[in-house]
Amino acid sequence: TRVPALAEDALFVADLNRAGTRGLSGITVVAPSSGFGAESGRRARLVAETLGVSFPQEALDAGQVPSHANSDEARLRLLAAALADPETEIIWAALGGYGSSRLLEGLAALPPDALASRQIVIGYSDITFLHLFFQKLGWKTVHGPLFGEIGSRFQEERNFRLLGELL
């Protein structure tokens, strides 16, 4: 099976590893907004497996809830699990779209220690809501490309290389 071009690009992987993270194993993909269609979901799963990125199944369960990756409860649970995972240094949004603001009440109700780890959050579009939430807590966030855009014609490969250098 041919993996999208960027997943084959050793420069991106090398940039992330050189940045001092645990490498790609320290990245967890979450889906707080819209979900993947069947084909884009298969492609995203293949990229995640190729790169060794944590990509929970709930990030792929689109179609159960219109316009969202999953129910509000499932999307919050996925995000909270990434927040609680000591191996997760970077939380990378699968896609933007609509729905992350619906998680505010649940995020605000998490115990303070659940929000103490200060991972880096990456994404844009609807993910801007999460940037605002986590920045108020003193976290670093990156308004950058979405995980689901790796290898797509909608993002230039250069954007991912720059992201790797930044991290």
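A residue counts as buried when its relative accessible area is under 20%, as exposed when over 50%, and as partly exposed in between (1.4 Å probe, protein chains only). The model here is predicted, so local features need pLDDT of at least 70 and side-chain atom pairs count only at pLDDT 80 or more, while totals for chains, interfaces and linings use all residues. Residues are numbered from 1 along each chain as its sequence is written, and side-chain values use heavy atoms, with hydrogens and water left out.

Helices (H or I, at least four residues) and strands (E, at least two) are DSSP runs, numbered from the N terminus. Take helix α3, residues 72-84: its 13 residues should span 18 Å at 1.5 Å a residue, and its end C-alpha atoms do sit 18 Å apart. That expected span is 1.5 Å times one less than the number of residues. Buried in α3 are Ala74, Arg75, Leu76, Leu78, Leu79, Ala82 and Leu83. These residues pack against β1 (27-30), β2 (90-93), α4 (104-108) and α5 (128-136), where contact means heavy atoms within 4.5 Å.

On to strand β1, which holds Thr28. Thr28 is buried, at 6% relative accessible area. Beyond residues up to four places away in sequence, Thr28 touches several others, including Ala82, Asp85 and Thr88.

Ser125 sits in the loop between β3 (120-123) and α5, and is partly exposed at 39%. Setting aside neighbours within four places in sequence, Ser125 contacts Gly96, Gly97 and His143.
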